[in-house]
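Here is a report on one structure. Keep the sequence and the 3D view open while you read.

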Amino acid sequence: MIHAYKLNGYNIILDVNSGSIHSVDDVAFDVIRLYETMEKDAITAQILETYPDVTVQDVEDIFSDIQELKEQGKLFAEDPFRDMAFDFKKRQSVVKALCLHVAHDCNMACKYCFAEEGEYKGERSLMSLEVGKRALDFLVENSGTRKNLEVDFFGGEPLLNFQVVKDLVAYGRELEKKHGKNFRFTLTTNGVLLDEEVMDFANREMSNVVLSIDGRKEVNDRMRPFRNGKGSYDLIVPKFLEMAKRREQKDYYIRGTYTHYNTDFSNDILHLADLGFKELSMEPVVAEPNAPYALKPEDLPKLLEEYEKLAVEMIRRRRNGNGFHFYHYSIDLTGGPCIVKRISGCGVGTEYMAVTPCGDLYPCHQFVGEPEFLLGNVFQGITNQSACDEFKLCNVYAHEECKDCFARLYCSGGCAANAYHTTGKVTGVYEMGCQLHKKRIECAIMMKVAEACDENKFQ
Amino acid sequence: MKRIQTLETRNLVESAKKGGCGECQTSCQSASKTSCSVANQQCEQCKKQK
């Protein structure tokens, strides 16, 4: 299966199953596009008619090149994965990552918060050190031979419980030595409580920090006010700039959310880049369809255009020596994930779980508070095995809709929480999310092709 | 090839042979939290080889 598309003046062929990417001229583009649906003679005739300067020998050469790439497994490669021995339901999975909700409370009142100002359909609460330690023990006990373990301090706002965060990191370092593990701690914060002490601590202990801001002042302040209604932009921007500087512009993400109110979100990303940030992420809002800020189907064409606009501008800035990274465009073509990862996805409910302040386990942060997805707790372990088994099937082949999708090995079938919240099934498909993701993948690959053309880095 | 240029990419079919160690980062622990973006994650084995 191939995906042939034209973007920003580049003709691109993605060979889906091998992951190969080809940059081709117009003639080869048409030949490859027609290759599997038309006879050779008919293709040749069509090409000669469309391109008067092209000779029969030229077309012959293209056919011969296609044959060579096929033999190398780089074009029209078969899908050998579907029938491989990936029996996911029987697969013994280990837990390797926890999202620790150290605070179900927040010092802000973001209007789109899926945690409902940090409370997640429950009461305001902070995780005790005892629960946190038990969560880390649970992670180590269930991690098998896995060495790298990940713990994200999340909320609400985790810095409302900073002492417990510090104590848990210290406890994690003890466990590392005892059990031969490597903890990678991360912190997701709104930045309000970022001060010298927190920054020093985060730079020492956190392998990544995620800093939340939505972009332009008016955009950010509309959706990310304090509880008194005042906007947060002026307070957090200087703190985030300092944090990014202290981290030497790496191992952090400035992470925003865009909504129906700023469908021109590329301007927010560029605004953040203009402020001096180099590592940026911007996600579509997760919302009830009837929320006023929810993305609407009619927003889609504009959103797709924005992703293209962003990619083109990022190429321009890279060429001018002032480039920046955008999370969804950061694809590593040579050192990216193996096929098992690409098929099995994010590990929701199997490798990855969220822990509430009282120690309850949920498949991920987005399921917290949904009674049917309560998996157990850190003291008794998993008690709802059937729910876990259901998540084992959340892989790309569980989705009939993904069968013919070129992007399936870049999203693994998409986010189970988004699918559940829009279709009622964790193995469903969130159609709008798919459209956005496909465009992001097309843009990311196009940017790689542009880079290869600029640097003449082809095989 | 005159009209086709190929980028260097990791061969996914080959990656099945030694893949699946599971040491790589969980995608939602990086910056997403609301969408599945596995392609952004780096392979730990490839990192070691660099």
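## The model and its interface

This is a predicted model. Chain A gives 71 residues to the contact, and chain B gives 43 residues. On the chain A side, 30 of the residues are nonpolar, 25 polar and 16 charged.

Strands take part in this pairing of chains. Strand 3 of chain A (residues 20-24) is joined to strand 1 of chain B (residues 4-6) by three bridges. The two strands run antiparallel. Within this pair, Val24(A) has Ile4(B) as its bridge partner.

Start with Cys346(A). It sits in the loop between helix 11 (339-344) and strand 12 (352-355) of chain A. Is Cys346(A) buried or exposed? Cys346(A) has 31 other C-beta atoms within 10 Å, so it counts as buried; the cut-off for that is 20 or more. Beyond its neighbours within four places in sequence, Cys346(A) contacts Tyr352(A) and Ser412(A) in chain A. In chain B, Cys346(A) contacts Thr26(B), Ser27(B), Cys28(B), Cys36(B) and Val38(B). Ser386(A) is 40 residues from Cys346(A) in sequence, and the two C-alpha atoms are 19 Å apart.

Now take Leu333(A). Its place is the loop between strand 11 (325-326) and helix 11 of chain A. Leu333(A) is partly exposed, because 18 other C-beta atoms lie within 10 Å. Which residue lies 312 residues from Leu333(A) in sequence but 9.2 Å from it in space, C-alpha to C-alpha? That residue is Ile21(A). Ile21(A) is also among the contacts of Leu333(A), as is Lys448(A).

Strand 6 of chain A covers residues 148-155. Seven of its eight residues are buried, so strand 6 is largely enclosed by the rest of the structure.

Strand 6 of chain A pairs with strand 4 (residues 97-104) in the parallel sense, over six bridges. Here Ala97(A) stands opposite Glu150(A). Strand 6 of chain A also pairs with strand 7 (residues 182-189), again parallel and over six bridges. Leu149(A) has Phe183(A) in strand 7 as its bridge partner. Together with helix 5 (residues 162-179), strands 6 and 7 of chain A make a β-α-β unit. Its hand is right-handed.

## The nonpolar core

The largest nonpolar core holds 134 residues. Which of them touch the most other members? They are Leu100(A) and Leu280(A). Helix 15 of chain A supplies the largest share of this core, 10 residues.

Leu100(A) touches several residues beyond four places in sequence, including Val151(A), Asp152(A), Phe153(A) and Phe154(A). Other contacts of Leu100(A) include Met127(A), Gly132(A), Ala135(A) and Val355(A).

## Helix 15 and its end

Helix 15 of chain A runs over residues 431-455 and has 25 residues. From first C-alpha to last, helix 15 reaches 36 Å. That is close to the 36 Å expected at 1.5 Å a residue. Of the 25 residues, 18 are buried, so helix 15 is largely enclosed by the rest of the structure.

What follows helix 15 of chain A? Asn456(A) does, with a positive phi near 50 degrees. Asn456(A) has 7 C-beta neighbours inside 10 Å, so it counts as exposed; the cut-off for that is 12 or fewer.

## Backbone details to check

Look at the peptide bond between Gly155(A) and Gly156(A). It is cis, with omega about 15 degrees. Gly156(A) lies in the loop between strand 6 and helix 5 of chain A.

Phe76(A) lies in the loop between helix 3 (56-71) and strand 4 of chain A. Phe76(A) counts as partly exposed, because it has 17 C-beta neighbours inside 10 Å.

Technical notes:
Residues numbered from 1 in each chain as written. Chains lettered and ligands numbered in written order. Predicted model: local features only at pLDDT ≥ 70, side-chain atom pairs only at ≥ 80, totals over all residues. Contact = placed C-beta atoms within 7 Å. Nonpolar A, V, L, I, M, F, W, Y, C, P; charged D, E, K, R; others polar. Pairing = 2+ DSSP bridges. Helix = DSSP H or I, 4+ residues; strand = E, 2+ residues; numbered from the N terminus. Expected span 1.5 Å × (residues − 1). Right-handed = clockwise from strand over helix to strand, strands pointing away. Core = buried A, V, L, I, M, F, W, Y, C linked by C-beta atoms within 7 Å.
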